[in-house]
Amino acid sequence: MSYRPSKKSTFLSTASGIALTYALISLLWIYLSDSLLLALGIDLLSLSKLQTWKGSVFVFCTAMVLFFLLRNAIKRALYGEALFRKVVETIPTGIWVVDREGNVVDCNFAAHGLLQEFGIQAYNDIQGYAEIQGWWSDNGQPVHPDEWGISRSLSRGETCLREKIDIACTDGVRRTVLYTSLPLKSENGAITGAMALVQDITEKRKTDEVLRRFRFSIEQASEAIFWINDEGRFLFVNDQACHSLGYSASELESLHLWDIDPDFPAERWAEQWERMKSDPKQVFETRHQRKDGRIFPVEVSASQCLFNNEENHVAFVRDITIRKKYEKELEHQSNHDALTGLANRVLLDDRIQQAIVHAERAQRNTAVFLLDLDRFKVINDSLGHSQGDAVLLAVAERLSACISPGDTLSRLGGDEFAIVMTHVNHPADARIMAQKILNAFEQPFPLGNRELRITTSIGASLYPRDGEQSEDLLRHADAAMYQAKKQGGNGFQFCSEEMDTRAHKALELEGDLRQALQLGSFVLHYQPKVKIASGKIDGCEALVRWNHPDKGMISPDDFIPLAEETGLIIALGEWVLREACRQFKAWQAQGLPPIKIAVNLSARQFLQSDFVESIQTILHEFDIDPHWLDLELTESMVMEDPDRIAKLLAELKQIGFALSLDDFGTGYSSLNYLRRFPIDCLKIDRSFILDVASDATAASVANSVIGIAHSLGIHAIAEGVETREQYAFLAMCECDSIQGYLFSKPLPANDLAALLANPTPFKPTT
Ligand SMILES: Nc1nc2c(ncn2[C@@H]2O[C@@H]3COP(=O)(O)O[C@H]4[C@@H](O)[C@H](n5cnc6c(=O)[nH]c(N)nc65)O[C@@H]4COP(=O)(O)O[C@H]3[C@H]2O)c(=O)[nH]1
């Protein structure tokens, strides 16, 4: 390196030291040598002869002194230079020295390394800079080459100190360097060159950036982060930790883990620390306590780590208050009925099991009640689901009032409720409870501005008598409830073995019924209706029969209620309508006179929202005038929701259907309503006809019904006419038509066709 930092003072003192020494020796020699020789007795002549020798000795001596002085001075200077060089070569900062023109006159080892790293080959002059493709200031602005550090130092004598800049060389990679450049000046202040010091801080900047990102992430994390040492003391906490615990960072750093975890006693710390060490990654739930005392649930995910040769634990803590709340809600939802909030089937099972365990221990009984509201489907279908829901809520409330603490009330779905009664010492206790429930239903249920009378059928089973498992008890209670329903509803039944068998059979029948619908195992029989005045057939009633492969012909009384209960009646009813229409067309094709076919409608089928459309579709399919189809509805069906039914009947009438009211006299029709129904015919129920000849009351009812029909301007027909006496009485009362075994049983289609083909007026004589 040809450039040296100027150490003027050292240089001058060394030079003046040598000169002074030389001057001193010379003066001493001049003044003392002659005197010394004279003192030694040398005379003046000899002295003058000795002058040459004396001079030679002087030169030799001073040469020697000079030699030693210069040698030491040069040695010191060389040592200093070597030291300086070593320092310059060792430091990691690249150093360049350029002359006035910018030619590189020297550079250190680090500078070589940097240039290589930057991919710069030509670095021997300032043009090496040509390989620098770009130069950006710290704020990202590109800098013109005239403004690059060394250019400024050379042209304007400026010093740029530790500027952070980005440069990109021929390889295009941007590097960040810490750049210092300063001008080099001569004694008179003229710029003779410049020096640049460059430190590559690209990696450091990246590391700083990563650290900044980490710090930001930790500070912004939604989880609290703790570092804990082996004493359970907080070493580090992030902002979220302070926020969720309500302490400042310094406060927390003076606390221990157990100060914020109420479930974690300090005395167990050593044991816990050992456990943490044996299982370095743990996820667990606990509770933390805020500075204000509020306790909240948290999920902790803790890991062990070695930091500065110390065992630490880092814990990520999530506040799970909301999650716990949702879990609780979810648990409630999965165990409770959404509408009423009562226990659902899952919880009921659990409660029955619990009750069984307690009953066994206390040597007591447990009763399971199953309740089904009577005719609720009709209420629901006719009043709409929201009103249906309101009824269910009111029922739930009333039932809740019947049970004791410790009992469980549950809604199993639809209109089915269950009660688990725990304190049953005797079966009579269950009976008392059932009566209590029935009594609770005696008061009408207010619904908007009306009142509804609702009844329920209750079945009960007893542990251990009727079963030892929840499933058995529920099954038996269900069978008993079904029995209570069959007996007209609004009643209570205990389970019996016979019921259980029956329930099994019903289940079997349901499966068969579904299969029969798919296999088409149903047939229609037709019972003629005869006009009394003419004795001619003026219509027939289609009655469905089930041709069971094992059990033979099954009567509709045995499967229609089940079909209604299971909803299969919708599909079955549609089949009946379609089959009746097909038969009507078939008889027409045989050239038989057309007759009205009456078809029975069930409440469920009739109240289907698309009933009118579906029946019209069938008529269009067979191209039949609607007036050939007589729709028979029962009296009880229309009286469920007279307003709605009146509208529906008006719609059907408008289309052209004939409408009959079946089983008339068994219900509680109000004449007022009857007037509003566009009915064509009243069918007097078979039970009245049976006794008309022998019982005055039955006779008077039959006579009144005929009178009512005629006063409304509609037909009266008697069904179940078996005897001539009955016929004579009806003829006397001017009943319009009869239907019954007296004339004909329900017949297969071909047999009725034969009757139609050979009409013989019916005139029985008594
Ligand atoms: N003892 C006696 N009985 C007579 C006499 N004349 C007719 N019957 C019977 O009385 C029932 C009359 O039908 P319903 O009152 O509509 O009563 C029907 C009706 O409510 C229902 N049903 C029949 N077919 C259908 C159908 O296709 N759909 C619906 N929803 N219900 C139907 O099943 C009930 C019973 O039907 P069936 O067993 O066919 O019983 C028929 C018929 O066979 C008689 O002189 N003496």
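View 1. pLDDT is the predictor's confidence in each residue, on a scale from 0 to 100. Where pLDDT is low, the predicted coordinates should not be read in detail. Across the protein, the mean pLDDT is 88, and 95% of the residues reach 70 or more. The complex carries an ipTM of 0.95 and a pTM of 0.48 from the predictor.

A word on reading these views: residues are numbered from 1 along each chain as its sequence is written. The model is predicted, so local features need pLDDT of at least 70 and side-chain atom pairs count only at pLDDT 80 or more, while totals for chains, interfaces and linings use all residues.

**View 2. Two spans carry the UniProt annotation "transmembrane region".** The unreviewed entry places them at residues 12–32 and 52–70; UniProt positions follow the numbering used here, feature names are shortened, and annotations may be inferred rather than shown by experiment. In the model, residues 12–32 are 100% helix and 0% strand, with end C-alpha atoms 29 Å apart. Residues 52–70 are likewise 100% helix and 0% strand, and their end C-alpha atoms lie 26 Å apart. Helices (H or I, at least four residues) and strands (E, at least two) are DSSP runs, numbered from the N terminus.

**View 3. Six strands make an open antiparallel sheet in the order S2-S1-S6-S5-S4-S3.** Two strands count as paired if DSSP finds at least two bridges between them. Strands S2 (104–107) and S3 (134–136) are the edges, each pairing on one side only. Neighbouring strands of this sheet are turned by 30° against each other on average, direction ignored. Look for S1 (residues 94–99) beside S6 (residues 191–200), where six bridges join the two in the antiparallel sense; here Ile95 stands opposite Leu197 in S6. Helix H4 (residues 149–156) packs on the sheet and touches S1, S4 (160–168), S5 (174–185) and S6. The direction of H4 makes about 15° with that of S5; axes are lines fitted to C-alpha atoms, for helices over the stretch in contact, and angles run from 0 to 180 degrees between N-to-C directions.

**View 4. A five-stranded open sheet runs in the order S8-S7-S11-S10-S9, with antiparallel pairing.** The twist averages 30° from one strand to the next. S9 and S10 (residues 295–307) share nine bridges in the antiparallel sense, and Phe284 has Val300 of S10 as its bridge partner. In the loop between S10 and S11 (310–319) sits Asn308, which has a positive phi of about 50° although it is not a glycine.

**View 5. A cis peptide bond links Tyr463 to Pro464.** Its omega is near 0°. Pro464 belongs to the loop between strand S17 (456–463) and helix H15 (470–486).

**View 6. The shell around the ligand has 22 residues.** A residue counts as near the molecule if its C-beta atom, placed from the backbone, lies within 6 Å of it. Leu543, Pro556, Asn600, Gly740 and Tyr741 come nearest. Strand S20 (537–548), helices H17 (556–566) and H18 (568–589) and strand S24 (658–664) each supply at least two residues of the shell, and H17 gives the most, with three. By type, the shell divides into nine nonpolar, seven polar and six charged residues; Ala, Val, Leu, Ile, Met, Phe, Trp, Tyr, Cys and Pro count as nonpolar, Asp, Glu, Lys and Arg as charged, and the others, Gly among them, as polar.

Key: Two residues are in contact if their C-beta atoms, placed from the backbone, lie within 7 Å.
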